[in-house]
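Welcome, and please open your viewer. We will go from one selection to the next, with a short note at each stop.

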Amino acid sequence: MSWRAMAPGDLADVDGIAARVHPNYPEDRRVFAERLRLHPDGCRVLLAAGAGIAGYVLSHPWQLGRPPALNVLIGSIPSPASTYYIHDLALLPEVRGSGSATVIVEELIRHARALGLTSLSLIAVNGSTQFWERQGFAVDKAAAATDPTGSYGGDANLMILRLA
C-alpha cells in the first residue's frame, strides 16, 4: 500500500469511501473537491495493491480552535493560519491495522512543520479518539464543547497535537 497525491478523478472513489466509513457524517462531493482545490498538498489517497483506492486524507492550514463545520465550503485558506487541520482521514475496514494511517499522519506532521505551523488539529468522530491519542493528539479540555461547530454530534472531540 502507498499514499499518492489525490487528483480530481479520484473524487468519486473518495465520495464512496466517505459514504461507507462515515455514514453518520455525510458531506457533499463539492466539499472534497474544494479542499483538493484549496490545498492539494494536503489531499492524498491510499492505493492498495489490486484493490484501487482504499482510503484518503483531506487536510489544510486553518485557525486553531475554530474547526470548519461538517459539510460546509470554507471558501479560502486563512492567512496566516494557526494550525494544520485534518478534515478527514478514512480507510476502508479491510486496510485498517496496516499502519497506513500512521504513515500519513507522520507525513502530515512533516508538512505542517514545513509550513511553519505549530500544531495539528481535528475533530475525532466514530470512536477514533484513542487512535488519535496514539498519534500524540490530546482532547482540547479548554474547548467549551466537544463539538465547537455543533455539526459532528455527541461523540466528537476537538483534538490538538502541539509541535515542539
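Start by selecting Thr129, which touches Ala124, Val139, Asn157 and Met159, where a contact means heavy atoms within 4.5 Å and residues up to four places away in sequence are not counted. This is a predicted model, in which local features need pLDDT of at least 70 and side-chain atom pairs count only at pLDDT 80 or more, while totals for chains, interfaces and linings use all residues. Residues are numbered from 1 along each chain as its sequence is written, and side-chain values use heavy atoms, leaving out hydrogens and water.

Is Thr129 buried or exposed? Thr129 is buried, at a relative accessible area of 15%; buried means under 20%, exposed over 50%, and partly exposed in between, with a 1.4 Å probe and protein chains only. Thr129 belongs to helix α4, residues 129–134. Helices (H or I, at least four residues) and strands (E, at least two) are DSSP runs, numbered from the N terminus.

Next, colour the strands. Seven of them form an open sheet with mixed pairing, in the order β1-β2-β3-β4-β5-β7-β6; two strands pair if DSSP finds at least two bridges between them. At the edges, pairing on one side only, are β1 (2–5) and β6 (138–139). Zoom in on β6: this strand and β7 (residues 157–162) pair in the antiparallel sense over two bridges. There, Ala138 stands opposite Ile160 of β7.

Now show the helices. Helix α1 (residues 11–21) lies across β2 (43–48), β3 (52–62) and β4 (83–91), at about 90° to β3. Such angles run from 0 to 180 degrees between N-to-C directions, with axes as lines fitted to C-alpha atoms, for helices over the stretch in contact. Helix α3 (residues 100–114) runs at about 160° to β4.

Which residues of α1 are buried? Select Leu11, Val14, Ile17, Ala18 and Val21. Looking down the axis of α1, you will find these buried residues within an arc of 120°, so they line one face of the helix; the arc is that of the directions from the helix axis to the C-beta atoms. Their cover includes α2 (29–38), β2, β3 and β4.

Finish with some backbone details. Most residues other than glycine have a negative phi, and most peptide bonds are trans. In the loop between β3 and β4, find Pro80, joined to Ser79 by a cis peptide bond with omega about 0°. Asn71 also lies in the loop between β3 and β4, and its phi is positive, near 60°.
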